[in-house]
Structures are given as C-alpha cells and as structure tokens.
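Colleague: I would like to take a close look at one part of this model and to follow it carefully from there.

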Amino acid sequence: MQLNRADLLSAAIESRVRELVDRERTLTFTTLAAALSDCRWISLLRALNRLEQQQVIRLTPLPWDYQICVRTE
C-alpha cells in the first residue's frame, strides 16, 4: 500500500512533534507552535490528537493554552 503525499506530510509533522515533546517532556502548545513555526496549527493539533489517542502524550487545557506532557505510565 502506497502512502499519499498528505499521509507522508502528516507522519513527518507527527514525528517532529514527538521528537520535541520527548526532548522537552512538558511544554505548551504556544511553545510547540513557535518551535515548529513552518507547520500550520491545524496540522500540529491533528498530530497532537493522534499522539494522545496513541497514549504517547497527555493534553491538559490551561486558561489560554494547552499543556503537553509525555505520558510516563
């Protein structure tokens, strides 16, 4: 089965998000978006959603942001 361009782009963004979250352990969405400024917010949010569904990260709503933490359990 061959992946299309959109799937490859999504996988690449997810990999970059995972790498940054693994390195930082805890960060906010604002920090993530600034670090990956070449990515659209919707792409970052989709990647975060997939990682949360895979139980790689935990998203916690803050008053004006989201906290992203690596799951350790």
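With which residue does Arg 50 form a salt bridge, and how far apart are the closest N and O atoms?

Modeller: Please keep in mind that this is a predicted model. Arg 50 forms its salt bridge with Glu 14, and the closest N and O atoms of the two are 2.6 Å apart. The pair links distant parts of the chain, since Arg 50 belongs to helix H3 and Glu 14 to helix H1, 36 residues apart. The two partners can also be described by their accessibility: Arg 50 is partly exposed, with a relative accessible area of 24%, whereas Glu 14, at 15%, counts as buried because the limit for that class is under 20%.

This salt bridge belongs to a set of three. Another joins Arg 16 to Asp 38, with the closest N and O atoms 3.0 Å apart. Here Arg 16 lies in helix H1 and Asp 38 in the loop between H2 and H3, so this pair ties together parts that are 22 residues apart in sequence. Arg 16 is partly exposed at 33% relative accessible area, while Asp 38 is exposed at 58%. In the remaining case the side chains of Arg 23 and Glu 24 meet, at 3.7 Å from N to O; Arg 23 is exposed, with a relative accessible area of 53%, and Glu 24 is partly exposed at 43%.

If we leave aside the neighbours within four places in sequence, Leu 44 is in contact with Ile 13, Val 17, Phe 29, Ala 33, Leu 36 and Cys 39. Of these, Cys 39 is buried, with a relative accessible area of 9%. Cys 69 is buried too, at 8%, yet a search of the whole structure finds zero disulfides.

Finally, helix H3 is also the place of Ile 42, which is partly exposed at 38% relative accessibility. Together with Trp 41 and Leu 45, Ile 42 makes a nonpolar surface patch of about 320 Å².

Key
Residues are numbered from 1 along each chain as its sequence is written. This is a predicted model: local features need pLDDT of at least 70, side-chain atom pairs count only at pLDDT 80 or more; totals for chains, interfaces and linings use all residues. Side-chain values use heavy atoms; hydrogens and water are left out. A disulfide is a pair of cysteine sulfur atoms within 2.5 Å. Buried means under 20% relative accessible area, exposed over 50%, partly exposed in between (1.4 Å probe, protein chains only). Contact means heavy atoms within 4.5 Å. Patches are made of residues with over 30% relative accessible area and no salt bridge: like charges are joined within 9 Å, nonpolar side chains (Val, Leu, Ile, Met, Phe, Trp, Tyr) within 5 Å. Accessible areas come from the Shrake-Rupley method with a 1.4 Å probe; for residues, only the protein chains shown count as cover. A salt bridge is a side-chain nitrogen of Lys or Arg within 4 Å of a carboxyl oxygen of Asp or Glu. Helices (H or I, at least four residues) and strands (E, at least two) are DSSP runs, numbered from the N terminus.
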